[in-house]
Amino acid sequence: MEDAIARAAQVRLMIFDVDGILTDGSLHYGPDGEVIKTFNVLDGHGIKLLQQSGVAAAIISARKSDIVARRAADLGIRHLFQGVHDKLAAFRQLLEHTAIAAEHCGFIGDDVIDLPVLTRVGFAASVPNAHPEVRSRVHHVTQAAGGRGAARELCDFILRAQGNYETALAPYLQ
């Protein structure tokens, strides 16, 4: 746990997978083929608090969805990579664009497609319902499942590790 806290304290850019992390991984198809995704409000507010504390946020997702683009816009996430099956290439592009070193990045993913990035970031995280190969290779596993508060839990973990948790909550405790 001490190693995870030390690693989280260095995060300047937190990258999120979507399906299985920001959602529960379910895909609901409507009669016309549209996909419906459900996002957790607590996760979204956690991401906003993290950004307000100075940690940038990004999304790298293998699937492409207008719904995800809208959610990213709602949360003020400017770095959005969708329809990306080579997540490592997207990660490298993100590093180049932001000029943030890999060791100052965090990534939370849940499946083997995420391993190329998870094994290169300074702080790798996952969820309890992730693939076992992923859970065994990360620095931190949340207690909450994907789409069920895992992103919020992780954001709070980073805020605490960086000593910014109380400051983030202060406006709500007046």
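The model is predicted.

The sheet is open and holds six strands. Their order is β5-β4-β1-β6-β7-β8. The pairing is parallel. Strands β5 (79–81) and β8 (140–141) stand at the edges. Each of these two has a single partner strand, so one side of each is left without a neighbour in the sheet. Within the sheet, β1 (residues 13–16) runs parallel to β4 (residues 56–60). Four bridges join β1 to β4. In one of the pairings, L13 has A56 of β4 as its bridge partner.

Two helices were examined as a pair. Helix α2 spans residues 41–52, and helix α7 spans residues 150–161. They pack at an angle of about 25 degrees. Their axes lie 7 Å apart. Angles under 35 degrees count as roughly parallel. The two helices are therefore roughly parallel to each other. The crossing of α2 past α7 is left-handed. On the α2 side, the contact is made by L42, D43, H45, G46, I47, L49 and L50. On the α7 side, A150, A151, R152, C155, I158 and L159 take part. By class, this contact has nine nonpolar, two polar and two charged residues.

I47 deserves a separate description. This residue lies in helix α2. I47 has a relative accessible area of 1%. Buried means under 20%, so I47 is buried. Its contacts, leaving aside neighbours within four places in sequence, are F16, L22, A57, L75, I77 and C155. Of these partners, C155 belongs to α7 and is part of the contact between the two helices. I47 and A57 are ten residues apart in sequence. In space, their C-alpha atoms are 7.2 Å apart.

A99 is found in a loop. That loop runs between α4 (87–98) and β6 (105–108). The phi angle of A99 is near 60 degrees. This is a positive value in a residue other than glycine. A99 has a relative accessible area of 71%. Values over 50% count as exposed, so A99 is exposed. I47, by contrast, is buried.

Key. Residues are numbered from 1 along each chain as its sequence is written. This is a predicted model: local features need pLDDT of at least 70, side-chain atom pairs count only at pLDDT 80 or more; totals for chains, interfaces and linings use all residues. Side-chain values use heavy atoms; hydrogens and water are left out. Buried means under 20% relative accessible area, exposed over 50%, partly exposed in between (1.4 Å probe, protein chains only). Axes are lines fitted to C-alpha atoms, for helices over the stretch in contact, and angles run from 0 to 180 degrees between N-to-C directions. Angles under 35 degrees count as roughly parallel, over 145 as roughly antiparallel, 65 to 115 as roughly perpendicular and the rest as oblique. A crossing is left-handed if the near helix is turned anticlockwise from the far one by less than a right angle, and right-handed if clockwise. Contact means heavy atoms within 4.5 Å. Ala, Val, Leu, Ile, Met, Phe, Trp, Tyr, Cys and Pro count as nonpolar, Asp, Glu, Lys and Arg as charged, and the others, Gly among them, as polar. Two strands pair if DSSP finds at least two bridges between them.
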